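Reader: I am new to reading structures, and I would like to know what stands behind the words that are used for them. Could you take me through this one step by step?

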Amino acid sequence: MKKVLLAALAALSLSPAMAQRFSIDGVCDPTATMAYLKSVKGRIDSVAVKGGIFHFEGDAGGHCLRRVYTNIVSWDAVTLITDGEHITVDLTKGTVGGTPENDALNPWLQRMAPHKASMREVLKEFTAYKTRGEQMPDSIREAIISRYEAEEEQCVALARECCEANKQHIFPLFFLVDHASSMPRETVISLAEEGDPAYMKVDEAGRLRQQLKGWKRQAVGQQYTDLEMPDAEGKMHKLSEFVGNGKYLLVDFWASWCGPCRAEMPHVKAAYEKYKDKGFDVVGLSFDEDKDAWTGAIKRLGLPWHHLSDLKGWRCVAGEVYGINSIPATLLIGPDGTIVAGGLRGEELEKKLSELLK
């Protein structure tokens with residue numbers, strides 16, 4: 001009962017309906033000249049740094065997740081919660097404190113820090129070869145990728161542990177959002193919904209909540225959800241125009257700039273040519289923003305099926321409706337509108353169609 005009450009009070013105190021003043025006193029590298037305060041939507045404030053000291057203050061306005069960094073190390077931002085006055089942040093040590101949320105957040109930042117630092121070092125090694133214009137040996141590439149994945153796995157495990165142990169707090173949302181794409185979907189849904197966590201009640205959780213709804217719409221056995229997007233000529237089409245008609249429909253989420261998407265196209269083309277006259281069709285829903293790049297890729301790759309895009313990139317209707325956060329992605333919809341498979345890649349598509357269209 002106590003945890004439920006604390007969660008309710010935390011959500012209430014940070015709601016847009018109530019003003020939430022905050023102040024941040026910061027310490028940073030004395031050579032820095034500017035400090036920046038950033039929300040999940042972008043930079044919202046900047047102040048001059050004097051002798052390694054800076055200060056922010058304002059109204060959180062219902063948006064409490066923030067990152068602070070300087071012009072020296074923007075990639076090494078420190079996260080904090082704007083939940084009151086007298087917040088402290090030390091960018092030289094990566095620590096925060098001064099309020100209940102930030103005091104609770106700080107130990108988790110310290111546990112994450114060595115793994116994040118190792119990941120940055122791995123990335124530096126990777127980019128060093130490119131900077132020097134050298135070809136990285138395969139053995140070194142594999143070792144670097146392996147090291148990065150091992151550290152990322154540790155971060156994911158800590159993010160999960162943090163969410164499970166701090167349902168009454170706001171700050172775990174930082175870790176859940178940062179690492180959700182590396183977790184199984186069922187894990188993310190569990191962390192977001194079980195125990196009525198306070199971190200899912202703040203405004204910044206809105207996009208994740210929407211994404212979870214989209215993931216559920218992708219579930220095998222669910223009826224597909226309709227959407228509407230324009231074709232290359234600007235004519236609007238509903239997904240329902242292509243569903244049914246006695247055919248299985250592959251919905252292919254892709255983009256011209258996506259290398260893995262282009263690599264999948266030979267498999268999709270082969271399946272299309274083999275089964276198009278046996279009850280199979282394809283509609284491509286693009287995450288492009290540049291119309292010429294999109295239509296040019298369709299022509300160059302020779303993709304003869306239906307294509308739709310609102311040219312809004314990751315903010316496209318297709319991504320929002322189905323919670324797509326990585327591409328390539330696919331859904332296979334049956335003649336009755338039921339989703340029969342998802343995530344079919346490579347030879348998996350042809351194998352599934354051979355079972356369905358004997």
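Author: Let me begin with a term: two strands are said to pair if DSSP finds at least two bridges between them. Please keep in mind throughout that this is a predicted model.

Reader: Which strand is joined to E1 by four bridges, and in what sense do the two run?

Author: That is strand E7 (residues 87-90), which runs parallel to E1, and the bridge partner of Val 27 in E7 is Asp 90.

Reader: What makes the link between Cys 258 and Cys 261 a disulfide?

Author: The cut-off for the two cysteine sulfur atoms is within 2.5 Å, and the S to S distance between Cys 258 and Cys 261 is 2.4 Å, so this pair counts as a disulfide. The link has 75° about the S-S bond and is right-handed, and a search of the whole structure finds one disulfide.

Reader: Why are Cys 258 and Cys 261 called buried?

Author: Buried means under 20% relative accessible area; Cys 258 has 5% and Cys 261 has 1%, so both values fall under the cut-off.

Reader: What makes helix H4 largely enclosed by the rest of the structure?

Author: Six of its eight residues are buried, and therefore H4 is described in that way. The buried residues are Pro 172, Leu 173, Phe 174, Phe 175, Leu 176 and His 179, and what covers them includes strand E5, strand E6 (78-81), helix H2 (100-132), H3, H5 and H6.

Reader: Which residues of helix H5 are buried, and what covers them?

Author: In H5 (residues 185-193) the buried residues are Thr 187, Val 188, Ile 189, Leu 191 and Ala 192, and their cover includes helix H3 (138-165), H4 and H6. H5 is followed by Gly 195, whose phi is positive, near 85°.

Reader: What is the volume of the largest pocket, and which residues are closest to its centre?

Author: The volume of the largest pocket is about 980 Å³. The pocket is lined by 28 residues, of which Val 40, Val 177, Arg 207, Leu 208 and Arg 315 are the closest to its centre. At least two lining residues are supplied by each of strand E2 (34-39), strand E5 (65-70), helix H4 (172-179), helix H6 (206-217) and helix H9 (317-322), and the largest share, five residues, comes from H6.

Reader: How do the residues of that lining divide by kind?

Author: The lining of the largest pocket holds nine nonpolar, nine polar and 10 charged residues.

Terms used. Residues are numbered from 1 along each chain as its sequence is written. This is a predicted model: local features need pLDDT of at least 70, side-chain atom pairs count only at pLDDT 80 or more; totals for chains, interfaces and linings use all residues. Side-chain values use heavy atoms; hydrogens and water are left out. On a 1 Å grid over the protein atoms alone, a cavity is a set of points where a 1.4 Å probe fits but cannot get out, and a pocket is an open set with protein on both sides within 12 Å along at least five of seven lines; lining residues have an atom within 4 Å of a point. Grid points are joined across faces, edges and corners, and a volume is the space filled by probe spheres set on the points. Ala, Val, Leu, Ile, Met, Phe, Trp, Tyr, Cys and Pro count as nonpolar, Asp, Glu, Lys and Arg as charged, and the others, Gly among them, as polar. Buried means under 20% relative accessible area, exposed over 50%, partly exposed in between (1.4 Å probe, protein chains only). Contact means heavy atoms within 4.5 Å.
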